[in-house]
Amino acid sequence: MADATHPRSEIEAAWERYTRLPPGPKVVLQIKSLVFLPTNKSILSDILSRIRLKTPEGRAWNGPSINAALDVLGRERLLTDDLACVASLLHPVAIDAIAAPDGELMVAAI
């Protein structure tokens, strides 16, 4: 997974942070990796609504739950300043998203 602009240790560290994410933030990052471009909260909310995914607590995604997931992703340094998935994880997380149980739904919604 290493390339000239992202040393192997940086990519491995980011992947490790991704694998330790709670389910909600992980789904949000998976969607962001599939979208590829930066997405604001309203676009993200629309995608989550179309997928009909629930939060880990079994509730519909809403502004506060999306904000909480984005806060976790920001603290873990897995988002860029414009709320996109960090470049070093775009492809690995997208592959993981497609393989996820709801991967087909995510792709269809995007």
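**Exercise 1. At what angle do helix α2 (residues 23-35) and helix α5 (residues 90-99) pack, and how far apart are their axes?**

Before starting, note that this is a predicted model, in which local features need pLDDT of at least 70, side-chain atom pairs count only at pLDDT 80 or more, and totals for chains, interfaces and linings use all residues. Residues are numbered from 1 along each chain as its sequence is written, and side-chain values use heavy atoms, with hydrogens and water left out.

Step 1. Identify the helices, which are DSSP runs of H or I with at least four residues, numbered from the N terminus.

Step 2. Take the axes as lines fitted to C-alpha atoms over the stretch in contact, with angles running from 0 to 180 degrees between N-to-C directions. Helices α2 and α5 then pack at about 115°, and their axes lie 8 Å apart.

Step 3. Classify the angle: under 35 degrees counts as roughly parallel, over 145 as roughly antiparallel, 65 to 115 as roughly perpendicular, and the rest as oblique. Helices α2 and α5 are therefore roughly perpendicular to each other.

Step 4. List the residues in contact, meaning heavy atoms within 4.5 Å. From α2 these are Leu29, Gln30, Ser33 and Leu34, and they meet Leu90, Val93, Ala94, Asp96, Ala97 and Ile98 of α5. By class, the contact of α2 with α5 holds seven nonpolar, two polar and one charged residues, where Ala, Val, Leu, Ile, Met, Phe, Trp, Tyr, Cys and Pro count as nonpolar, Asp, Glu, Lys and Arg as charged, and the others, Gly among them, as polar.

**Exercise 2. Determine how many residues of α2 are buried, and describe the setting of glycine 24.**

Step 1. Apply the cut-offs for relative accessible area: under 20% is buried, over 50% is exposed, and in between is partly exposed (1.4 Å probe, protein chains only). Helix α2 is mostly covered, since 10 of its 13 residues are buried; among them are Val27, Val28, Ile31 and Lys32.

Step 2. Turn to glycine 24, which is placed in helix α2 and which, at 5% relative accessibility, counts as buried.

Step 3. Leave aside the neighbours within four places in sequence, and glycine 24 is found in contact with Pro56, Trp61 and Ala69. Glycine 24 and proline 64 are 40 residues apart in sequence, and their C-alpha atoms are 12 Å apart in space.

**Exercise 3. Where do phenylalanine 36 and arginine 52 lie, and are they buried, partly exposed or exposed?**

Step 1. Phenylalanine 36 sits in the loop between α2 and α3 (41-51), and its phi is near 80°, a positive value in a residue other than glycine. With a relative accessible area of 49%, phenylalanine 36 is partly exposed.

Step 2. Arginine 52 belongs to the loop between α3 and α4 and has a positive phi of about 65°, although it is not a glycine. At 70% relative accessibility, arginine 52 counts as exposed.

**Exercise 4. Describe how α3 packs against α4.**

Step 1. The angle between α3 and α4 is about 110°, with the axes 11 Å apart, and that makes α3 roughly perpendicular to α4.

Step 2. Lys41, Leu44, Ser45 and Leu48 of α3 make the contact with Ile66, Asn67 and Leu70 of α4. By class, four nonpolar, two polar and one charged residues take part in the contact of α3 with α4.

How values were computed. Helix = DSSP H or I, 4+ residues; strand = E, 2+ residues; numbered from the N terminus.
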